[in-house]
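Please open the structure in your viewer and keep the selection tool at hand. This tour moves from one selection to the next and says what is there.

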Amino acid sequence: MPGDLKTNVERVGPVAVCSLAGDLHMGNQEEVRAALKTALGLLPAVLAVDLAGAELFTSSGLNALLRARLDAADRFVPLVLITPSRAVRRVLAVTEAQDLFPICATAEEAARYAPTSRAPSG
């Protein structure tokens with residue numbers, strides 16, 4: 001059904017790619033958060049969120065991205081966006097959040113955001 005949320009998490013080298021396609025809104029924000037948490041749980045060097053297929057992107061979608069960005073930062077993992085759709089770019093621009101997320105075309109490009117060294121644990 002058009003508009004349904006589809007999620008996928010995969011590892012591409014040092015990058016965990018969380019693909020979110022369809023509608024991102026309040027009704028499925030927990031599913032969005034769970035997918036982002038799963039991707040971060042892979043312990044990647046970079047968390048990339050592929051939003052090319054996002055058809056509807058509301059403030060709930062943005063809030064999920066902002067929360068994931070903070071969670072990733074706590075682990076010294078940068079969060080980048082892969083080819084955000086027009087709907088996503090519009091929300092980022094209106095909320096002036098576009099500068100918070102580097103934008104890449106591919107997971108391979110996102111890998112360039114991997115830190116050269118991680119902060120010591122504990």
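The stops below start with a helix, go on to single residues, and end with the cysteines.

Before selecting anything, note that this is a predicted model, in which local features need pLDDT of at least 70 and side-chain atom pairs count only at pLDDT 80 or more, while totals for chains, interfaces and linings use all residues. Residues are numbered from 1 along each chain as its sequence is written, and side-chain values use heavy atoms, with hydrogens and water left out.

**Helix α1**

Select residues 29-40, which form helix α1; helices here are DSSP runs of H or I with at least four residues, strands are runs of E with at least two, and both are numbered from the N terminus. Helix α1 has 12 residues and reaches 16 Å from its first C-alpha to its last, close to the 16 Å expected at 1.5 Å a residue, where the expected span is 1.5 Å times one less than the number of residues.

Now colour Q29, V32, A35, L36, A39 and L40, the buried residues of α1; buried means under 20% relative accessible area, exposed over 50%, and partly exposed in between, with a 1.4 Å probe and protein chains only. These residues cover an arc of only 140° around the axis, which puts them on the same side of α1, the arc being that of the directions from the helix axis to the C-beta atoms. An α-helix has 3.6 residues a turn, so residues three or four places apart point the same way.

Turn to the face of α1 away from its buried side, and you will find the exposed residues E30 and K37. The buried residues, for their part, pack against β1 (6-12), β2 (15-24), β3 (46-50) and α2.

**V32**

Select V32, which is buried with a relative accessible area of 2%. Leaving aside residues up to four places away in sequence, V32 touches L5, L20, L24 and A64, a contact meaning heavy atoms within 4.5 Å.

**S60**

Move to S60 in helix α2 (residues 59-74), a residue that counts as buried at 7% relative accessibility. A polar atom of the S60 side chain lies 3.4 Å from the backbone nitrogen of M26. Beyond residues up to four places away in sequence, S60 touches H25, M26 and Q29.

**The cysteines**

How many disulfides does the structure hold? There are zero disulfides, a disulfide being a pair of cysteine sulfur atoms within 2.5 Å. C18 is buried, with a relative accessible area of 0%, and C104 counts as buried at 3%.

Key: A polar contact is a pair of N or O atoms within 3.5 Å; within protein, one must be able to donate a hydrogen and the other to accept it, and residues adjacent in sequence count only if both atoms are side-chain atoms.
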